[in-house]
Amino acid sequence: MKTLIIVLSAACAVVAGYFGVRYFTRRDLGFTPARKYVRNLAENLLHTELTAAREAGTTPETTTEQAASL
């Protein structure tokens, strides 16, 4: 139990330190490329899903406008 508390405290300190450094330096610190990659991957998967639904002749549950607002 003591080890778990130490690990959680260390993780919280690392996260708080990251956001503190990011706030005071006004820099992104390298996560923008990962965010762009994930966003592009999600858009490609959505496009694939919509295309498959159109080819099958069914209407997908969400429209492109609804998915874009998520």
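Reader: What makes the reach of helix 1 close to the expected one?

Author: In this predicted model, helix 1 has 24 residues, and its first and last C-alpha atoms are 34 Å apart. The expected span is 1.5 Å times one less than the number of residues, and for helix 1 that expectation is 34 Å. Just after helix 1, R26 takes a positive phi of about 60 degrees.

Reader: Why is the pair of Y23 and F24 called edge-to-face?

Author: Rings of Phe, Tyr and Trp (its six-membered ring) pair if their centres lie within 6.5 Å; planes under 30 degrees apart count as stacked, over 60 as edge-to-face and the rest as tilted. The ring centres of Y23 and F24 are 5.1 Å apart and their planes lie at 80 degrees, so this pair is edge-to-face. The structure holds two aromatic pairs. Y18 and F19 also form an edge-to-face pair, with 5.1 Å centre to centre and 70 degrees between the planes.

Reader: Why does F24 count as exposed, and why does F19 count as partly exposed?

Author: Buried means under 20% relative accessible area, exposed over 50%, and partly exposed in between (1.4 Å probe, protein chains only). F24 has 71% relative accessibility and therefore counts as exposed. F19 has 47%, so F19 counts as partly exposed. Of the 70 residues of the chain, 4% count as buried.

Reader: Which element has the lowest mean pLDDT?

Author: pLDDT is the predictor's confidence in each residue, from 0 to 100. Helix 3 (residues 64-68) has the lowest mean, 54, while helix 1 has the highest, 92. The mean for the chain is 79, and 81% of its residues reach 70 or more.

Reader: How were residues and atoms selected for these values?

Author: Residues are numbered from 1 along each chain as its sequence is written. Local features need pLDDT of at least 70, side-chain atom pairs count only at pLDDT 80 or more, and totals for chains, interfaces and linings use all residues, while side-chain values use heavy atoms, without hydrogens and water.

Technical notes
Helices (H or I, at least four residues) and strands (E, at least two) are DSSP runs, numbered from the N terminus.
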